[in-house]
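These are my notebook entries on one structure. I record below what I looked up, item by item.

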Amino acid sequence: MPSTSPTRPVVDTAHGPVRGVDDGTVASWKGIRYAAPPTGDLRFRAPQLPRPWMDVCDASVFGPCAPQTRHPAIHLGPDARPDEDCLSLNVWAPSDAEGLPVLVWIHGGAYFRGASCQPLFDGRALAAGGVVVVTVNYRIGVLGFVDFSSLGDGFDSNVALRDMLAALEWVRDNITRFGGDPGRVTLFGESAGGGAVTTLMAVPAARGLFHRAIAESSPATSVYNADRGAAVAHRFLDLLGASGDPDRLRSASVDDLVPASDELFARIPEEHPGTLAYAPIVDGELLPDHPLDVFRRGDAHPVPLVIGTNRDESSLFRMMKSPLMPIDPDVIRSMFTEIAHEHPELAPPDEAHIEAAYAGLGKVGDSLGLTRDFAFRLPALWIVEAHRHVAPTWLYRFDYATPMLELLRIGATHGTELPYVFGNIAHHPKDVTYLLGGLTTGRRISGRMQHRWRAFATSGRPDGPAGEPDWHSYDRDRATLVIDKHDRAAPDLDRAVRETWGDEVIAFT
């Protein structure tokens, strides 16, 4: 439990004491090191335990974030300090916390951007309702999600996933001292963070490290085999100007790695539409098989799962002119042609069937619907259809958009549920979301979502406040909670999507 001064509580962790800040309602500890600096000989290697410390370490400010270029759509916050030595985490807990459920957050950002210091992910409001919140930094981009293990013994695979495992082990070993219950840990994340959640559900080493899971907008099929991983590794060496010289990966400065990392991020989806430069890899060791295959065999960790997507996922990528999501109809056709070449045994819906379902592919709006379903909704459906036979599973769709977001033709796009989950409404001074109203409604939605997420972390059931619709698990009429101005429970909301695409998983390997 928090101890000593009510304003600067000190906690003795397994590696050394840390001093946080307590405002009388919520205490926080930021920038707690959970692994040794992944630098020098530890670059591209599995994380190691940190060296113990004796002096009390100040934990009032965030630790450095993973190296990355800034993007105007991702506000890293005033405390963002990019540094390769970035493996730290943050804890928020009610001032009188004892034995509370724990929510461990994995941030998104295409496995390439983002950090736990983003103001959007401040855990105070969520923790104030009676949970302990932990947010985690992990290696991203080339430092975390390119598999160089094919280049020699000096490189480990999936080092970012190993970072997340190390953070979960830290939670297991230390969270009691912060007022949390290590037997009630919920892993949750969005976008790449949601993909990490569904991937870790298929990682044997993660068994027992979390007891429930929430996957928001998980790109669950964006996990590739070792051959694709090796090809991306060689492509990066080419961009770095170090073809055939893997030793250059260790000697290169971060200032050299990051620009090449940016170029790889754009090049891969341009050359192979529908794929990502950075993603987990089926390495046969840490991750023995594709997560979707693990789910469909019934071998994913049997933990209760909440999973869902947003109504207008793809519109954000159109607005940002991002290469990640194919929007042009010809590019979409190219993507399916490449998938068919990789999987001649598959029988995906023919183009006429798809065009009928999406009112033709000649309009951008219809393309957005197709890419939304292919990238996010279908993977969620494939997972719930499988996991409901293993553990209680709930499906949602987030539909709420403020008048301003509707006017901008963004709608309920990718990531718009996040302020409501964390209770950080209008967290950025330049946020235009509520310029035309909707703030009062947004606060009500936030209260309901936080209530359900906390209830799930507490009991394993995402029950809502009194008077709100019952959210039945998916095995009952394929129930889906539609989160909007007024929530509603809808039976078999995605019947048309399932009938259009069928039961086979259609994805790159």
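Which residue of strand 9 is the bridge partner of Leu103? I found that Thr186 is the bridge partner of Leu103 in strand 9. I note that the model is a predicted one.

Entry on strand 7. I looked up both pairings of this strand. Strand 7 (residues 100-106) and strand 9 (residues 180-190) run parallel and are joined by six bridges. Strand 7 also runs parallel to strand 8 (residues 132-136), with five bridges between them. On that side I located Ile106 opposite Val136. I then checked burial: seven of the seven residues of strand 7 are buried, so the strand is largely enclosed by the rest of the structure.

Entry on the nonpolar cores. The largest nonpolar core holds 121 residues, and Trp29, Tyr34, Val91, Phe210 and Tyr278 touch the most other members. Helix 12 (residues 364-387) gives the most to this core, namely 12 residues. I recorded a second, separate core of 38 residues, with Leu76, Val131, Tyr396 and Trp453 among them.

Entry on Pro304. I found Pro304 in the loop between helix 8 (291-297) and strand 13 (305-310). Is Pro304 buried or exposed? Its relative accessible area is 15%, and because buried means under 20%, Pro304 counts as buried. Beyond its neighbours within four places in sequence, the contacts of Pro304 include His211, Arg212, Ala391, Trp394 and Phe456. I also noted that Pro304 and Ile214, 90 residues apart in sequence, are 8.7 Å apart in space, C-alpha to C-alpha.

Conventions. Residues are numbered from 1 along each chain as its sequence is written. This is a predicted model: local features need pLDDT of at least 70, side-chain atom pairs count only at pLDDT 80 or more; totals for chains, interfaces and linings use all residues. Side-chain values use heavy atoms; hydrogens and water are left out. A nonpolar core is a set of buried Ala, Val, Leu, Ile, Met, Phe, Trp, Tyr and Cys residues joined through side-chain atoms within 4.5 Å. Buried means under 20% relative accessible area, exposed over 50%, partly exposed in between (1.4 Å probe, protein chains only). Helices (H or I, at least four residues) and strands (E, at least two) are DSSP runs, numbered from the N terminus. Contact means heavy atoms within 4.5 Å. Two strands pair if DSSP finds at least two bridges between them.
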